[in-house]
Amino acid sequence: MTETERIKQVIGEKLNSVHTLKHLEKINKFLDEIERQSESSEEQVVNPWVVSSGAKDGGKIDYDKLIDKFGCKRIDESLIERVQRLTCLQPHVFLRRGVFFAHRDFNEVLDAYERGDKFYLYTGRGPSSESLHLGHLIPFMFTKYLQEAFKVPLVIQITDDEKCIWKNLTKKESKRLGRENVKDIIACGFDVTKTFIFSDFATVGSTFYENMVEVSKCITLNKVMATFGFTGEDPVGKISFPTVQAVPSFSSSFPHLFPVEENITCLIPCAIDQDPYFRLTRDVAPRLGFRKPALIESSFFPALRGKNGKMSASDANSAIYMNDSAEDIKRKINGAVSGGRDNLEDQKKYGANLEEDIPFQYLSFFLEDDAELEHIKKEYGEGRMLTGEIKKRLTEVLTEIVENHRKARAAVTEEMVDAFMAARLLPSMFE
């Protein structure tokens, strides 16, 4: 007998004794709803706004379950080797270490590239903070690698309209944050001759809007509510927004870049929480005569405090921001959740729990040297290195990354932002 069933039995006996059985049905329905919500909370939830590991998964995101649920595929070694062969470059650290671990039709993009066909990249950013944190930086670092490796153009969507709806920001503030975030994106080193950055508030119209209307005709209210979990209490802007994020994956949305008749394939590097948007997009694309966008998807960068899921822009201590000082970085890393043992004797005897150790996980993202990372993994995991040593090495690595980014961002002028965001031809975008 479950706890809910036991409570129902007790209540039923009490109600029988006072002749109030007419209330029993309502109480049972209420208890059933509580039980349903409790069971739901035990399942992991991953969508563009909520990333939560369920109790059934031991507090960790189960990526195998996500792949099964979403219907995407794992990136295997043969695919990574093929990227290396086609580009004549060592695969990015995020690819060879499994940070980008899943895909939709990436193999078909490589087939097309091998035939000499064109494709373009599309990624984006929802501006909700003054500065990007390391988790935000991951898709841009990887996208820059893809752009350089394959010599293809890139469009970057700034969803200032989305944050105006979800975060209840004013239009003015949302646009201001968007422009500040563009400076961080430019500081990643993108090529202005191959990159178009656009904000939704400034761009939606003309062919872009025409494609939005066509997509909206293909998606029912039931479909969008089932995909994203919207309810009758959500503003209608949330329900219509998926079309805004969908259409940059169709090349005809950018007539100043691509001839409408070419219908060029799009590859989208993104975190896997964005997959629901593009499942819908891929469903409707063939009905409208467009190519299905391909995706290459990353896992989530863990929060410093060890909570599984995304880092939070609303909690400054959960993340390393690109405007953090060296002192901030050191303080945050020293406070990060460690997998080291409670005392020196146990550490030497048992070694660190690497799966729980946030500093080691961060090194696996950002320490470029594979041999050094393997050495740390072995020595720390077997107890011959201490937590303090790992945190010290991570502090060195991240301080250098953040300082280099800060210098690059300081060099970004308002004129450079205008240049990247100007609707213009990119004559050498495939060279």
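Visitor: Are phenylalanine 94 and phenylalanine 366 buried or exposed?
Guide: Both phenylalanine 94 and phenylalanine 366 are buried. Buried means under 20% relative accessible area, exposed over 50%, partly exposed in between, with a 1.4 Å probe and protein chains only.

Visitor: What should I know about the source?
Guide: This is a predicted model: local features need pLDDT of at least 70, side-chain atom pairs count only at pLDDT 80 or more, and totals for chains, interfaces and linings use all residues. Residues are numbered from 1 along each chain as its sequence is written, and side-chain values use heavy atoms, with hydrogens and water left out.

Visitor: How many aromatic pairs are there?
Guide: The structure holds 32 aromatic pairs. Rings of Phe, Tyr and Trp (its six-membered ring) pair if their centres lie within 6.5 Å; planes under 30 degrees apart count as stacked, over 60 as edge-to-face and the rest as tilted. Phenylalanine 94 and phenylalanine 366 form an edge-to-face pair, 6.1 Å centre to centre with 80 degrees between the planes.

Visitor: Where do those two sit in the chain?
Guide: Phenylalanine 94 is in helix α5 (residues 93–96), and phenylalanine 366 is in helix α17 (residues 358–366), 272 residues apart. Helices are DSSP runs of H or I with at least four residues, strands are E runs of at least two, and both are numbered from the N terminus.

Visitor: Switching to serine 174. Which helix is that in?
Guide: Serine 174 lies in helix α9 (residues 171–186). Serine 174 counts as buried because its relative accessibility is 0%.

Visitor: What does serine 174 touch?
Guide: Its contacts (heavy atoms within 4.5 Å) include Pro127, Asp160 and Phe201, leaving out residues up to four places away in sequence. A polar atom of the serine 174 side chain lies 2.4 Å from the backbone oxygen of aspartate 160.

Visitor: And aspartate 184?
Guide: Aspartate 184 is found in helix α9. Aspartate 184 counts as buried, at 1% relative accessibility. Aspartate 184 touches His405 and Arg409, among others.

Visitor: Which residues of α3 are buried?
Guide: In α3 (residues 63–70), Tyr63, Leu66, Ile67 and Phe70 are buried. They fall within an arc of 100 degrees seen down the axis, so they line one face of the helix. The arc is that of the directions from the helix axis to the C-beta atoms. On the other side of α3, Asp68 and Lys69 are exposed.

Visitor: What comes after α3?
Guide: Glycine 71 follows α3, with a positive phi near 85 degrees.

Methods: Polar contact = N/O pair within 3.5 Å; in protein donor to acceptor, adjacent residues only side chain to side chain.
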